[in-house]
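Here are my notes on the model, as promised. Have a look at the fold first, then go through the points in order.

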Amino acid sequence: MKKAQLVGLTASAAVAELSRGAFTAQEYVAAYLERIASVDPEVQAFAHFDADYALEQARRLDERRLSGAPLGRLHGLPVAVKDIIDTADYPTECGSAFLSGRRPDKDAHVVRRLREAGAIILGKTVTTEF
């Protein structure tokens with residue numbers, strides 16, 4: 001499947017195809033990373049973004065699928081989290097210079113649940129202050 005087709009899938013279709021092995025989570029994330037690279041310089045949606053880390057999360061999920069372990073309902077689905085929601089692996093600055101560099105020591109409940117379901121956290125999206 002071409003990268004443009006991958007980013008055009010609905011979330012439910014993507015999870016179904018990822019689960020059956022039609023493409024890997026790494027391929028799916030790479031398609032999204034390419035799309036983000038092409039539009040984010042103009043859109044500027046991300047406050048914090050780490051392409052290598054997103055691919056690493058995808059690699060671990062691919063290994064999980066290949067091992068036969070149970071998959072989460074959001075297996076391999078890339079998501080972004082607003083910069084007002086704590087993540088242990090990205091800063092959470094709430095759009096404020098006052099909180100610049102703030103790094104929570106744990107994920108917010110919603111982020112923990114996303115990860116448990118197999119979602120890949122691409123990064124943090126911009127927000128107005130607080």
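**Notes on the fold and a few residues**

1. Start with the crossover: β2, helix α5 (residues 109-116) and β3 form a right-handed β-α-β unit. Right-handed here means that, with the strands pointing away from the viewer, the path from the first strand over the helix to the second runs clockwise. Helices (H or I, at least four residues) and strands (E, at least two) are DSSP runs, numbered from the N terminus.

2. Some housekeeping. This is a predicted model, where local features need pLDDT of at least 70 and side-chain atom pairs count only at pLDDT 80 or more, while totals for chains, interfaces and linings use all residues. Residues are numbered from 1 along each chain as its sequence is written, and side-chain values use heavy atoms, with hydrogens and water left out.

3. Now the sheet. It is open, has three strands in the order β1-β3-β2, and its pairing is mixed; two strands pair if DSSP finds at least two bridges between them. β1 (46-49) and β2 (78-82) are at the edges with a single partner strand each, so one side of each has no neighbour in the sheet. From one strand to the next, the twist averages 35 degrees.

4. On the pairing itself: β1 and β3 (residues 120-125) run antiparallel and are joined by three bridges, with F49 partnered by G123 of β3. β2 and β3, on the other hand, pair in the parallel sense over five bridges. There, V79 has I121 in β3 as its bridge partner.

5. Helix α4 (residues 51-67) lies across β1 and β3 and runs at about 155 degrees to β3. For that angle, axes are lines fitted to C-alpha atoms, for helices over the stretch in contact, and angles run from 0 to 180 degrees between N-to-C directions. Contact means heavy atoms within 4.5 Å.

6. What about the packing? The largest nonpolar core has 18 residues, of which Y28, V29, A54, I120 and L122 touch the most other members. α2 (11-20), α3 (25-43), α4 and β3 each supply at least two residues of this core, and the largest share, six residues, comes from α3. A second, separate core of six residues includes V79, V81, Y90 and V111. A nonpolar core is a set of buried Ala, Val, Leu, Ile, Met, Phe, Trp, Tyr and Cys residues joined through side-chain atoms within 4.5 Å. Buried means under 20% relative accessible area, exposed over 50%, and partly exposed in between (1.4 Å probe, protein chains only).

7. Leaving aside neighbours within four places in sequence, V29 is in contact with A54, L55, A58, P78, I120 and L122.

8. The K124 side chain reaches the backbone oxygen of P91 at 3.1 Å, and a polar contact of 2.7 Å links the side chains of K124 and T92. A polar contact is a pair of N or O atoms within 3.5 Å; within protein, one must be able to donate a hydrogen and the other to accept it, and residues adjacent in sequence count only if both atoms are side-chain atoms.

9. Next, D89, in the loop between β2 and α5. Its side chain makes a polar contact with the side chain of R115 (2.8 Å). Not counting residues up to four places away in sequence, D89 touches Y53, R103 and R115.

10. Over to helix α1 (residues 3-7), where K3 sits. K3 is partly exposed, with a relative accessible area of 38%.

11. Finally, backbone angles. Q44, in the loop between α3 and β1, has phi near 55 degrees, a positive value in a residue other than glycine. Q44 is exposed, with a relative accessible area of 56%. F130, in the segment after β3, has a positive phi of about 55 degrees although it is not a glycine. F130 is exposed, at 61% relative accessible area.
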